[in-house]
Amino acid sequence: MGRQPTMGRGGKKGTVTPQELNPSPRLKRGPKMGKRRKMKRKKKKTDVEELKKEVVLDDHRLTLEEMSTKYSVDLMMGLSPERAQEILKKNGPNALTPPPTTPKWVKFCRQLFGGFSILLWIGAILCFLAYGIQVHYKEDSTKDNLYLGMVLAIVVMITGCFSYYQEAKSSKIMESFRNMVPQQALVIRAGEKMQINVEDVVVGDLVEVKGGDRIPADLRLISTQGCKVDNSSLTGESEPQTRSPDFTHENPLETRNICFFSTNCVEGTARGIVIATGDSTVMGRIATLTSGLVVGKTPIAAEIEHFIQLITGVAVFLGVSFFVLSLVLGYGWLEAVIFLIGIIVANVPEGLLATVTVCLTLTAKRMSRKNCLVKNLEAVETLGSTSTICSDKTGTLTQNRMTVAHMWFDKTIYEADTSEEQTGKTFAKGSTTWFILARIAALCNRADFKPNQETLPIAKRATTGDASESALLKFIEQSYSSVKEMREQNPKVAEIPFNSTNKYQMSIHLQEDGSQAHVLMMKGAPERILEFCSTYLLKGKEYPMDDEMKKNFQNAYLELGGLGERVLGFCFLNLPSTFSKGFRFNTDEINFPMENLCFVGLISMIDPPRAAVPDAVGKCRSAGIKVIMVTGDHPITAKAIAKGVGIISEGTETAEDMAARLQVPVSQTNPREAKAIVVHGSDLKDMTSEQLDEILKNHTEIVFARTSPQQKLIIVEGCQRQGAVVAVTGDGVNDSPALKKADIGIAMGISGSDVSKQAADMILLDDNFASIVTGVEEGRLIFDNLKKSIAYTLTSNIPEITPFLLFIILSIPLPLGTITILCIDLGTDMVPAISLAYESAESDIMKRAPRNPKIDNLVNNRLIGMAYGQIGMIQALAGFFTYFVILAENGFKPIDLLGIRLNWEDRFFNDLEDSYGQQWTYEQRKVLEFTCQTAFFVSIVVVQWADLIICKTRRNSVFQQGMKNNILIFGIMEETFLAAFLSYAPGMDMALRMYPLKLPWWLCAIPYSVLIFVYDEIRKLTIRRHPGGWLERETYY
Amino acid sequence: MRRQLRSRRAPASPYGYRYRLDDQDEVNQNYLADEEEEAEEEARVMVVPDLEEEEEEEEEEEEEEEIEEEEKEEEKGQGQPTGNAWWQKWQIVNEYLWDPEKRMSLARTGLILVIYFFFYASLAAVITLCMYTLFLTISPYMPPFTERVKPPGVMIRPFAHSLNFNFNVSEPDTWQHYVISLNGFLQGYNDSLQEEMNVDCPPGQYFIQDGDEDEDKKACQFKRSFLKNCSGLEDPTFGYSTGQPCILLKMNRIVGFRPELGDPVKVSCKVQRGDENDIRSINYYPESASFDLRYYPYYGKLTHVNYTSPLVAMHFTDVVKNQAVPVQCQLKGKGIINDVINDRFVGRVIFTLNIET
């Protein structure tokens, strides 16, 4: 495959040009199928593959003349308006194609027909079908099936509306993040400066930007004045970067002469040629990549699917077997079909959908109070099953604020306070050296506080100037004295600003003591500073520089550098009297001495970790969650922070550490013995996916440094290949593909870009890593509580189905009717089931490993076995017992009920004899039947008390757990009062055919309630006594 | 090209081969654990096909498991070569059936079955105990509550699952079944039988039989001949052949029910809707058109074995022909309710006569 000779190194790595549309003579690289993508079956779209590769541009290598010819543009005059129009027509407007947003009605339909709802819809349709059959073949059919179908449909619709409303609410918050102000750009066309809409900017346009502007397109700079840009949304680098027309780096993302679309110009001005617009810009490519990603199902969706399969299996099995049975028993085809449908529908837990939705909503609310805004309800649980967190460094783990961490003077390292509160640690403030160091740091410093923030604490004030200088400024202001006063007393007379070739900054100030003398102060890269110095300061006295001092200096420099800190050296020179006040310093042609300076000390700075993060990382670790740091920063800094926050824990070492300890070359160490690893982005670039898998598998503590935007996505995919549920944090546009691809993408609420917030599932309102951990805790809790909730709800399914089954087999009067079933599912069971969402954890949920989505299912056959096979059966017995008591007390003994169905249901049979020879009219015995159904219903409520209490815990005894859940107690009261109301309220006999019960009939189920409680307590006791034992394996859900 | 580059790099990978093996072992172990479960499930299906107890339960579980299995297989299908998986499965099934190391087989499944068996057995014991206590508390002679069956309902004979009497006088086929039905119904009222089994008790007063609950009670005679023209003795067609149908009315039996003293329950019929004169005359038998007090109270099926419900026969001697005439017969008397809206058989009965000639 051909390659342009000019491409150099950058072209090696399977890269593609972002400029397919450009009329440039460059060769286009065809799609290359990366081997590492072979595994993925779903993603066949090669363009997505291409987008994942590194960006290649060569415009930054071209000279201005070449640029001029390439884009056929005059570097002074710009394009002609006609030519610009032409290009605009050809390339289209300079805007990102908005991702295909799903229309609202599609979202609504998804809520209505997705997941669990489908089960209810099928139930409803079956009901209508059964009703249709009944109407068609029988004149006087009951309308039960019609009502049931309608209720099912209404339940689905209400729940659908509810969850749609919930999601709409959080997406509204999302929209508030967006600020769509139409942008203007200053272009030069035919020599005239003109303001045009950013959309109309075309390739080849000559564009001028100034501080505060948003870059309108990808630019190759041709001239700049002190231009700095903030590329943080693209690279994650939070510090403004200088821009100049010089080609400084092969990597287009790092070179100085390229500005990127939608980044911000912080200060200065620049002029450049547009080299890409719209979707072909670097930013546009990332956006396209994001919207092109296929997102997997959320774990809870998978769980619900699994659950539906289980339930459907049970329902269909029961339905079909009883269909056959009823045919065998001599029922007609028609009746058998009605039975079949009835049984299938009876298995549908009507209230569960609403319960699950409400539980998730409650948790989402709770999480948003803890600064996790959940966009998608299902993401609530995803966070709980997270097994790997890929976290950003800047802003998430760290405070995103350069802070002075250490000083070295008087041959001693002093520590400064880096905590967020800045309580202020003391160090040798009495030393004269410190006094001089502080003066240099304050005076040889271009940063300044922005006005009108005197009331704010110093650490929180906004500053102008770059991060290091601001850090120094704040530090001095805090621990020394007012910088402003110092600067007023020592006016600056000349300065050489910092630049990357000098690597130092120098300024000359008037001495404050009125001696008219000047002092030269300098700060910069320590090794450069040392070169200028011939003496050094120790406890306020100057000594000539010696080797010992140089050695000390080297050690200190290495030590501080090894902490990942940015180290600056400081020195000064009292200028001789010949350069006293009035001397005109010329900084271009230096007319003053700038050698033999006196070395004072070092100050090192770091973006310190947030206070809560080490704790949170520790929690993650004990919760079995792997925390991977992915950062664009330098490996050493990354490693230092990783160590600081515990991502690389104390005692573990990387292969390099090990090599250093054993004093052997790195190649001789066994990388597998090192648990920790710091992977450099450029190494990652060359890795196959197998190699990446190896790394992810074999190292528990991983830091990825110097990663590019695309690599984050590769890392996420790597983790997902390991079967992990991956959470990714990110703030920049560059993170959005990874955010989208991750099982749960977490965007930063404060520093995050709009694009990342769009792509994420969750937004961290305080940008704090620790909030994720509380989110994980909530997610795990809700998973446990959903289990309990479902166990509770499913249990009452058995006492709801068995009456119908016995009705068919034994031909007894129907013990529980459709209306009463609905009263349980949608009435009495609702609040108690929801109240279980408020249950506190049984043990420290952050001390166990994340659930394995393949094995730990939300609903497994143990849960079904418990709910259906054991507790449900006892409940059914309670119901039947009550039923038989009432019938027997009214004259129908159980034995005489067998086979009574046909006569019982005959409207014209108005002298049906009971066990005492009494004769009943149809209506009389129907009233009796409905009384029985009411009693059956009440019995279920009574046994559900016990069920609710045993569902509170899965392992612990209720006596250990306590009854602190007030909502649950309220739930018990509510269901009881509701049951009493339904039974005793006047008019209920007409409305719902529920009849008042005699008090003793309430008590029939009490023994069974006690039985359930005792049985389960014994079961749980055995499980606790024999952890991992047989009973646990068989019944612990 | 890129692939080449990678493959050249591959040997330089810093990770040893040994570890890869280890990892695979680990994976395999997990995989085996899954397999084991499945195999056991399968084994159960194979070995214990018919346990009568809890068949329902077991099958239910199997169903669930099948679903699970399918899922698992799907998962596997993606990761592992299937042939191998099947072979392993087979091995494990074998091992399960007879595990040479542990010298155990089917232990787990068996245990589940046993436990469930005992569980359900004890549940059965519990319900039996409960039912037993229930019967201890309920008297076999007298139901604890009778308010649901009160006030008494009314039913008519002949009864052919319909309350429309449509027949053509000249076509015996259309009314023959009424005659048969009535004849059958009145067999128990034959005078000979009544005289043999029951006693002739004094009319106009309750036939109260004190004594122990479990003592057999005597029943009062209600002879077929009381029904005179509707007894079928003189006119074996009960008037159907002449277009003057007899319809018998009886009040539902209720244990312990006593009509108001001195005021027997009377029957009166009239046209329910339409012209009053559609029925010009009705003869009631017994002529009092009432249920004599001596037939009350009723002591229940167990002791009051030969109790014969008293009847009132309505002889519709002059009904408009060739037209549906809705008739409502009501009970009248103290303690009788005959206007319950929901129940059209309490204290009244409504039927239509449509006699064609």
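**A chat about Gln209(B) and its chain**

The side chain of Gln209(B) has a polar atom 2.6 Å from the backbone oxygen of Lys218(B), a polar contact if a pair of N or O atoms within 3.5 Å has one able to donate a hydrogen and the other to accept it, with residues adjacent in sequence counting only if both atoms are side-chain atoms.

Modeller: This is a predicted model, where local features need pLDDT of at least 70, side-chain atom pairs count only at pLDDT 80 or more, and totals for chains, interfaces and linings use all residues. Residues are numbered from 1 along each chain as its sequence is written, chains are lettered from A and ligands numbered from 1 in the order in which they are written, and side-chain values use heavy atoms, leaving out hydrogens and water.

Biologist: Thanks! Is Gln209(B) buried or exposed?

Modeller: Gln209(B) is buried, at 14% relative accessible area (buried is under 20%, exposed over 50%, partly exposed in between, with a 1.4 Å probe and protein chains only).

Biologist: And which residues is Gln209(B) in contact with?

Modeller: Beyond neighbours within four places in sequence, Gln209(B) is in contact with Lys217(B), Lys218(B), Tyr299(B) and His304(B); contact means heavy atoms within 4.5 Å.

Biologist: Where in chain B is Gln209(B) found?

Modeller: In the loop between helix 7 (191-197) and strand 3 (246-251).

Biologist: How many helices and strands does chain B have?

Modeller: Seven helices and nine strands, taken as DSSP runs numbered from the N terminus (helices H or I, at least four residues; strands E, at least two).

Biologist: New topic: how much of chain B counts as buried?

Modeller: Of its 357 residues, 46%.
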